[in-house]
Amino acid sequence: MKPTAILEGGLYLRQANHLANPLEIERARNKAIIISKADEWGIDSNLALKIVRCESGFDSRAYNSNDPNGGSFGLFQFQKTTFYSGAEKLKIKNPDIWNVQQQSEVAFYLLSQNKWHLWTCARINGIVGIK
């Protein structure tokens, strides 16, 4: 198998004799965004990747209607109040809960504030309270 798609951050996909499917490419891009944002914020990217893998499987369109307050959305599975509150603090213009870049920015802001407990998957993976 050889690489068929090289993405930002040096990540690439391997496929045997056919092109990578769009969902795999999207997930690889999302991983690259997470790694880049983690570096910007000084957060351990491996811990952030564990959270996102558990929360959404790197699917930016993930939606969990079973979560309270209208469900959880996107890559980091934000509830609306948490996302929009964080976006306001960061002065993000035109916040969009489905935007991967914005989700990552808000997530790393919260993680930099030691708010790991906001993610069930951080608790499940035993990474609550790590700065």
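Author: C54 belongs to helix α2 and C121 to helix α5, residues 120-124, so the bond ties together parts that lie 67 residues apart in sequence. Helices here are DSSP runs of H or I, at least four residues long, numbered from the N terminus. The S-S torsion of C54 and C121 is about -65 degrees, so this disulfide is left-handed.

This is a predicted model: local features need pLDDT of at least 70, side-chain atom pairs count only at pLDDT 80 or more, and totals for chains, interfaces and linings use all residues. Numbering runs from 1 along each chain as its sequence is written, and side-chain values use heavy atoms, without hydrogens or water.

Now the two cysteines, one at a time. C121 is buried, at 5% relative accessibility. Buried means under 20% relative accessible area, exposed over 50%, partly exposed in between (1.4 Å probe, protein chains only). C54 has a relative accessible area of 36%, so C54 is partly exposed.

Stay with helix α2. The helix covers residues 45-56, and S45 is found in it. S45 has a relative accessible area of 16%, which means it is buried. Beyond its neighbours within four places in sequence, S45 is in contact (heavy atoms within 4.5 Å) with I35 and A38.

Next, the aromatic rings. The model holds 9 aromatic pairs. Rings of Phe, Tyr and Trp (its six-membered ring) pair with centres within 6.5 Å; planes under 30 degrees apart are stacked, over 60 edge-to-face, the rest tilted. W41 and Y109 make an edge-to-face pair, with centres 6.3 Å apart and planes at 70 degrees. This pair also links distant parts of the chain. W41 sits in helix α1 (residues 22-41) and Y109 in helix α4 (residues 100-112), 68 residues apart. W41 is partly exposed, at 26% relative accessible area. Y109 is buried, at 17%.

F83 and Y84 form another aromatic pair. Their ring centres are 4.9 Å apart and their planes stand at 80 degrees, so this pair is edge-to-face. F83 is buried, with 0% relative accessibility. Y84 is partly exposed, with 33%. Both F83 and Y84 belong to one aromatic cluster, together with F76, F78, F108 and W119.

Key: Helices (H or I, at least four residues) and strands (E, at least two) are DSSP runs, numbered from the N terminus. Contact means heavy atoms within 4.5 Å. A disulfide is a pair of cysteine sulfur atoms within 2.5 Å.
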